[in-house]
Structure formats: structure tokens, C-alpha cells
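Visitor: Please show me the model. I have some questions about it.

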Amino acid sequence: MSLAEANAFAFSLATTLMVSIVIFRAGDGTLAVMPVAEYDGDDSEIVREIDPYAQ
């Protein structure tokens with residue numbers, strides 16, 4: 001997933017679920033998104049966090 005696709009998907013997910021979403025780099029170098037509460041990976045792999053309440 002490209003960074004533009006990850007941002008669009010994360011923003012859509014954040015506004016739909018009304019939870020903070022994190023964009024992170026997976027072990028194989030690809031980008032992925034998931035709710036912050038479920039992310040337990042390395043903080044240095046986080047590319048961006050989207051908070052629907054901060055918009």
C-alpha cells in the first residue's frame with residue numbers, strides 16, 4: 001500500500017470508527033493501518049497517527 005493510499009484508508013477508518021488510527025511500516029516494509037489501541041509494535045515503525053477528534 002502506498003503512503004497516499006494508507007493515509008486515505010486511515011482517515012476513512014478513523015472517521016468511521018471514531019478512534020485513533022496508526023499508520024505503520026510492517027516487517028516486510030509495506031505500510032499498514034490499525035487502531036492505536038490494538039498496535040503493540042515498535043514505536044519507531046509508526047509513520048503517522050490520525051486522531052479523528054483533532055481534525
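Guide: This is a predicted model. Start in S3, where a bridge links Glu 49 to Val 22.

Visitor: How many bridges join S1 to S3?
Guide: The Val 22 and Glu 49 pair is one place to look. S1 and S3 run antiparallel. The number of bridges joining S1 to S3 is four.

Visitor: What is the order of the strands in the open sheet?
Guide: S1 is joined to S3 by four bridges. S1 is also joined to S2, residues 31-35, by five bridges. The pairing is antiparallel, and the order is S2-S1-S3.

Visitor: Which are the edge strands?
Guide: The sheet is open, with three strands. An edge strand here pairs on one side only. The edge strands are S2 and S3.

Visitor: Which residue takes a positive phi in the hairpin of S1 and S2?
Guide: Five residues lie between the strands of this hairpin. The phi in question is near 95°. The residue is Gly 29.

Visitor: What gives the most to the largest nonpolar core?
Guide: That core has eight residues, including Ala 6, Ile 23 and Leu 31. H1, S1 and S2 each supply at least two. With three residues, the main contributor is H1.

How values were computed
Residues are numbered from 1 along each chain as its sequence is written. This is a predicted model: local features need pLDDT of at least 70, side-chain atom pairs count only at pLDDT 80 or more; totals for chains, interfaces and linings use all residues. Side-chain values use heavy atoms; hydrogens and water are left out. Two strands pair if DSSP finds at least two bridges between them. A nonpolar core is a set of buried Ala, Val, Leu, Ile, Met, Phe, Trp, Tyr and Cys residues joined through side-chain atoms within 4.5 Å. Buried means under 20% relative accessible area, exposed over 50%, partly exposed in between (1.4 Å probe, protein chains only).
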